[in-house]
Amino acid sequence: MRRPLPPFDLDHETIRLKSFAKGITEIQWLLVTLVLAYLVIAGDRGGEQLPAIAITLLYFTASIGANYLPRLGMPRDWLGAIHTWAMIGFITWLLHNTGGVAGPLAGLFLLPVITSALTLGKAATLLEVGTIGACYLLLFHLDRGVSALLGPDFALAAAHVVMFLMVGYVTTMLSNSVELANRRLQQLASRDPLTGLYNRETLRSVSLPFYAAALQWGGRPVSVLVADIDNLQALNTDRGPETGDLAIMATGRKLAETIGRKGVVARYGDDEFVALLPDADAAQTEALVESLLETETAYGDARVRTTLSIGIAGFPAHGRTVDTLLAKADRAMRRAKRHGGRAVRTPARGDDGIRRQSRETS
């Protein structure tokens with residue numbers, strides 16, 4: 001059974017987690033720097049300084065090494081959870097050996113709270129704040145005994161836990177707001193405003209990982225299609241640019257309806273579109289796009305007719321890279337235009353004829 005190919009879409013969650021990966025590393029640097037600075041300034045107490053420094057460096061080395069786990073297939077949200085829970089364990093151990101919750105390092109618990117709020121969301125942050133509260137109670141008990149749990153110092157420790165909860169809540173709210181804004185900006189940056197299709201830059205970022213997977217997983221066929229509106233310039237001159245925009249939108253809509261669920265479609269230029277189709281060779285793609293050669297759009301009481309010239313190149317017959325297929329499909333499209341348009345052409349060796357020539361129109 002063939003492995004499924006990756007989806008044709010922008011994975012906003014992966015983009016978000018990747019953007020925070022650098023931030024997690026910087027938080028780890030901050031944690032280790034603060035701890036080492038404190039250990040050096042506080043001096044050696046009973047021979048505990050060197051073991052504490054060694055364990056701190058070991059924790060940091062393991063954390064940095066964990067950043068390579070996504071390359072082994074581990075989901076990035078799992079990696080974020082590992083980092084935050086490891087921080088909680090390390091800080092709890094550190095506080096137990098450096099003065100407990102009353103010591104100067106108790107505020108370090110803010111670091112895993114902020115990291116969780118930025119990467120894991122409300123539920124995980126609430127769970128981690130609860131765990132930190134339990135660690136606080138444990139450290140408080142180990143430091144001062146059960147009787148201290150009802151004293152004024154306990155109220156101070158509880159206030160710290162409430163502060164962590166508030167910081168986690170506020171950070172989560174801000175993170176969600178920033179994420180929503182970023183998603184909107186990504187959508188605006190990745191889509192053509194006129195047709196709603198992907199733009200040129202996004203086509204490459206979406207299609208290249210897919211093409212690499214198709215190549216890796218058994219050399220599955222892939223086709224690249226380049227389509228150009230034949231009479232757009234004349235349409236703009238005769239009826240105005242608004243009519244030309246209608247023709248572009250109609251063509252994009254028809255391409256999306258015909259190809260969109262089978263591949264990815266993008267507006268590549270003013271009157272040019274590009275599509276990438278998985279598991280389809282050039283002949284299959286040619287049969288699929290036969291209905292795309294002519295489009296009619298309502299414009300007031302009139303009908304606007306546009307035709308397309310289409311070039312198709314397929315892997316592995318016509319090339320082994322996206323750039324090669326795109327270049328050959330583009331040259332095939334231009335030869336179709338030179339022969340009068342409304343045609344589909346492939347870069348088959350020794351065949352310069354039009355694959356499907358337009359019928360005569362009255």
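Helix α2 runs over residues 49–66, and at 1.5 Å a residue it should span 26 Å.

The same check can be made on helix α9, residues 241–259. With 19 residues at 1.5 Å each, α9 should span 27 Å; the distance between its end C-alpha atoms is 26 Å, which agrees. The buried residues in α9 include T243, G244, A247 and I248, and also A250, T251, G252, L255, T258 and I259.

Now the overall numbers. The protein has 362 residues, of which 42% count as buried. Its secondary structure comes to 11 helices and six strands. Taking contacts with a separation of 6 or more, 68% are between residues 24 or more positions apart.

On confidence: the mean pLDDT of the protein is 76, and 75% of the residues reach 70 or more. Two stretches need a caution. Residues 1–8 stay under 50 in pLDDT, and the model gives them 23 contacts beyond four places in sequence. Residues 350–362 are also below 50, with 28 contacts in the model beyond near neighbours in sequence. Where pLDDT is low, predicted coordinates should not be read in detail.

Next, the aromatic residues. A pair of aromatic rings is described by the distance of the centres and the angle of the planes. The count for this model is six aromatic pairs. One of them is W29 with F60, an edge-to-face pair with 4.7 Å centre to centre and 65° between the planes. Since W29 belongs to helix α1, residues 12–42, and F60 to helix α2, this pair ties together parts that are 31 residues apart in sequence.

Another pair is Y136 with F164. Their ring centres are 5.9 Å apart and the planes are at 65°, so this pair is edge-to-face. Y136 is in helix α5, residues 122–144, and F164 is in helix α6, so the parts tied together here are 28 residues apart in sequence. Y136 and F164 are both buried.

Which residues do ring pairs link into a cluster? They are Y59, F90 and W93.

R191 lies over the face of Y198, 4.2 Å from the ring centre.

Two buried positions in helices come next. T84 is in helix α3, residues 76–97. Its relative accessibility is 0%; the cut-off for buried is under 20%, so T84 counts as buried. Leaving out residues up to four places away in sequence, T84 touches P112, T115, S116, L120 and E128.

S175 is in helix α6, which covers residues 152–190. This serine is buried too, with a relative accessible area of 7%. The C-alpha atoms of S175 and L118 are separated by 5.7 Å, although the two residues are 57 apart along the chain.

Last, the backbone. Where is the cis peptide bond? It joins F315 and P316, with omega about 5°. P316 is placed in the loop between β5, 302–315, and α11, 322–338.

R342 is not a glycine, yet its phi is positive, at about 45°. The residue is in the loop between α11 and β6, 343–345. Is R342 buried or exposed? At 11% relative accessibility, R342 counts as buried.

Terms used: Residues are numbered from 1 along each chain as its sequence is written. This is a predicted model: local features need pLDDT of at least 70, side-chain atom pairs count only at pLDDT 80 or more; totals for chains, interfaces and linings use all residues. Side-chain values use heavy atoms; hydrogens and water are left out. Helices (H or I, at least four residues) and strands (E, at least two) are DSSP runs, numbered from the N terminus. The expected span of a helix is 1.5 Å times one less than its number of residues. Buried means under 20% relative accessible area, exposed over 50%, partly exposed in between (1.4 Å probe, protein chains only). pLDDT is the predictor's confidence in each residue, from 0 to 100. Contact means heavy atoms within 4.5 Å. Rings of Phe, Tyr and Trp (its six-membered ring) pair if their centres lie within 6.5 Å; planes under 30 degrees apart count as stacked, over 60 as edge-to-face and the rest as tilted. A charge sits over a ring if NZ of Lys or CZ of Arg is within 6 Å of the ring centre and within 35 degrees of the ring normal.
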